[in-house]
Amino acid sequence: MKIVPYCYAKNIFEIDISFYEKQNVKYIFCDLDNTLDTYKTLTPSERVIDLSNRLKEKGIKLIVVSNNNKNRVSTYCKDLDIEFIHRAFKPFVKKLNNFIIKNKIDKKQCIIIGDQLFTDIKVASKLKIRSILTEELCKKNQLISLFNKMRDQKARKKLIKENKLIDWRKLNG
């Protein structure tokens, strides 16, 4: 399976809310560590709180989907008062797909945002949901992520060479 994101953004914070509105996005499934905040950040930063509030004002649900443990994810999401899926086992689809089915969510109204091709973007591809690949917020990674990061960097270079990383701004016209 060729893993190609719908589009690319340097980070989630540079994406205009109008982009989601124009794309008819009602649900943003977002990775936590290195996408919303660094893996060392235990509670949401001010910019995440601001983003979450602005999305809520527009009727867009931010839902954290993380491979991390319940304590890490629930502690972080509590202050945002948002739903989350912990131990999602991305790129496996079962937990995320069950959440989508249980909540009667239309996949056409979803987008998945994350910093890793082989977890975040791959799960989106398997579920046939649009995705946005971001850069990692912190270059220092958890030991468990290092192998994936090395594979990821090589695959990104190939996507760039093949002109397959489309900047989100080009789709916001």
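Me: Buried means under 20% relative accessible area, and exposed means over 50%. Is Arg-72 buried or exposed?

Reply: Buried. This is a predicted model. In it, Arg-72 has a relative accessible area of 10%, so Arg-72 falls under the 20% cut-off.

Me: Which residue forms a salt bridge with Arg-72?

Reply: Look for a Lys or Arg side-chain nitrogen within 4 Å of an Asp or Glu carboxyl oxygen. Here the partner is Asp-33, with the closest N and O atoms 2.5 Å apart. Asp-33 sits in the loop between β2 (27-30) and α2, while Arg-72 belongs to helix α3 (residues 70-78), so the pair ties together parts 39 residues apart in sequence. Asp-33 also counts as buried, at 11% relative accessibility.

Me: How many salt bridges does that rule give?

Reply: The count comes to 11. Take Lys-58 and Glu-21 next: their closest N and O atoms are 3.9 Å apart. Lys-58 lies in the loop between α2 (46-57) and β3 (61-65), and Glu-21 in helix α1 (residues 17-22), so this bridge ties together parts 37 residues apart in sequence.

Me: How accessible are Lys-58 and Glu-21?

Reply: Both ends are partly exposed. Lys-58 has a relative accessible area of 48%. For Glu-21 the value is 40%.

Me: What is the closest N and O distance between Lys-164 and Glu-162?

Reply: That salt bridge has its closest N and O atoms 3.4 Å apart. Lys-164 is partly exposed at 31%. Glu-162 is partly exposed at 32%.

Me: Which residues are joined into one network by shared partners?

Reply: Glu-14, Asp-167 and Arg-169. Salt bridges that share partners link them.

Notes. Residues numbered from 1 in each chain as written. Predicted model: local features only at pLDDT ≥ 70, side-chain atom pairs only at ≥ 80, totals over all residues. Heavy atoms only, no water. Helix = DSSP H or I, 4+ residues; strand = E, 2+ residues; numbered from the N terminus. Buried < 20%, exposed > 50% of the residue type's maximum accessible area, 1.4 Å probe, protein only.
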